[in-house]
Amino acid sequence: SIANGLNGLHLNGVQELDVLIIGAGFGGVWQLKHLRDAGYKVKLVEGGGDYGGVWYWNRYPGARVDSAVPSYEFSDPDLWKTWTWTQRFPGSAELRAYFAHVADVWDLRRDSQFDTSVESAVWDGSEAKWTIKAKTNQGQKVFKARFFLPNTGFAAKRYVPDWKGIGSFRGKFLHPSSWPHEGLDLKGKKVAIIGTGSTGVQLATDLAPLVSELAVFQRTINTCMPMRQVDYEDGAQAMPREEYPAFFEARTDSFSGFDFNFIGRSTFDDDPETRRATYEKLWAEGDFKFWLATYQDMLFTKDANREAYNFWRDKTRAKIRDPQVRDLLAPMKQPYSFGCKRISLENGYFEIFNEPHVHLVDVNSTPIEEITFKGIKTSEKECEFDYIISATGFDSMTGGLKQIDIRGPSGQSLSEHWKDGTYTNLGMSVSGFPNMFFTYGPQAPSPFCNGPTCAQLQGDWIIELMNHMRDAGLKKVEAKEENVKKWRQHVADVANTSLLPSTRSWYMGDNIPGKPRECLLYLGGVTAYYKKLGDTAANGYDGFKLE
Ligand code: N01
């Protein structure tokens, strides 16, 4: 059809493109807009039914972002001049509305195709193109593209432990990222939540007032901190819009892509009173300040880390009445390095455990043995539930990419290639997989970077590289193996200067049985990463083979 013709030529049912993007989250939509503006024939495909990425899928009660706006949005004035948030930390539905706004203003829909899950991408050496096959409601769809940009994000593959008996449960068992769009009526129901990551914490807080009984199954504490939500009245925003350009500009010059940064002093440079006052100020400001705007040695030095934990612990213990529950939620003895597992922002999480109908189950002392017809059987007893919510996370960072059958010139799949560990150059490209780039993936700042900041800075870098190739008449780019080895080593070396490896977390691949243990993120900070990208481009894409 003429409409389809705009997106590329159809030959034998194969759609010819310059670029195929996977993913309608921040990474994918930024690239669609800017690649199309640069004159490429580009199409975005997405397994979900609309824009939003993680926000399309995560519709569980309480789902909201814990990065504040305007940090958590694109820097394009066409978007923010015509958009008003209702809260400092918007909920999932408001984020989907934001994405719809982005799609309208940028006119994205004509080049986006939903309910389309890419199953394989195979490099065709004779044409120097990727052949990409996707499953749709109308059967299989095939694309051919010079560039393949899988923006699958860090949480595209759910993880549910292999508990015995899940299928035998008479009630509903679900993962929160597959929450039904029409919602669930949980009023007066008996509900179990397994897992106390960001998802578990948000769910528990929202469900507690609604249900007749809530059991939260905890394996590891979440050192969540007060969010300090703000409702914006009458269109007032966090700051006047005139200040936005400078604000967005500054975002790339910080450790984590926000408008704040570590204090340029170490914990014990300050005397105890000054330190206390500093902690109190960060605590009162909410957001991730007590984690990512605190003393610069907090994530790197044991004593500094313990000092932060102790402050958190005392603040938290004061909220919990029952001494046993208090010891389980905020133990006197530090259980792991503070901030080396994802900290969540909370709105009354600890207080729910003061309610008589909310129970905390410590799965370390009473492990889950199986899911039964009636509910959950632990080593101690069987508990009855109407709903069991497995808030057990994702095969983070690598799972979304590895679940697609991606094969480069050698015929080896990405999943085989990464079987024993992850190898990338700059956290965006893999040796042996030409013309393929991803954002918010492994070995980049990803989970330590505000999403939109990294979507823009990585996306822009990829687009500039493509423009450079087009101008020079080049067809193929591939990471050099020696640079991939060097980058992997550098990622590990930086991680080893920190306390991250001392703690079991999804940052280290620990949450998935059998997954290699390695630091999956680049901890050098966004400033250093941005500079590294800039230097690489300025040096003629050193570290990449261009043909
Ligand atoms: O997943 P998680 P998530 N038996 O992996 C537990 C982002 N996010 O969906 O810690 C018992 O963090 C596991 O225990 P442990 C954010 O980046 C953001 O909550 O491994 N328990 C843990 O408590 C976040 O980090 C937002 O010991 C088991 C939980 O399940 C990421 O997404 C909101 C278990 C999994 O926590 C993922 O968060 C939501 C078992 N066999 C998510 N296996 C916001 O912006 C696992 N667990 C606010």
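**View 1. Buried residues of helix 2.** In helix 2, the residues Phe 26, Gly 27, Gly 28, Val 29, Trp 30, Gln 31, Leu 32, Lys 33, Leu 35 and Arg 36 are buried (under 20% relative accessible area, with a 1.4 Å probe and protein chains only); helices are DSSP runs of H or I with at least four residues, strands are runs of E with at least two, and both are numbered from the N terminus. Because 10 of its 12 residues are buried, helix 2 is largely enclosed by the rest of the structure. This is a predicted model, in which local features need pLDDT of at least 70, side-chain atom pairs count only at pLDDT 80 or more, and totals for chains, interfaces and linings use all residues. Residues are numbered from 1 along each chain as its sequence is written, and side-chain values use heavy atoms, leaving out hydrogens and water.

**View 2. Surroundings of helix 2.** The buried residues of helix 2 pack against several elements, including strand 2 (14-22), strand 3 (42-45), helix 5 (92-105) and helix 14 (451-472), where contact means heavy atoms within 4.5 Å. After helix 2 comes Gly 39, with a positive phi near 95°.

**View 3. The second largest pocket.** The volume of this pocket is about 310 Å³, and among its 18 lining residues those closest to its centre are Thr 252, Gln 456, Leu 457, Asp 460 and Tyr 530. On a 1 Å grid over the protein atoms alone, a pocket is an open set of points where a 1.4 Å probe fits, with protein on both sides within 12 Å along at least five of seven lines, and lining residues have an atom within 4 Å of a point; the volume is the space filled by probe spheres set on the points, which are joined across faces, edges and corners. Helix 14 gives the most to the lining, with six residues.

Technical notes:
Buried means under 20% relative accessible area, exposed over 50%, partly exposed in between (1.4 Å probe, protein chains only).
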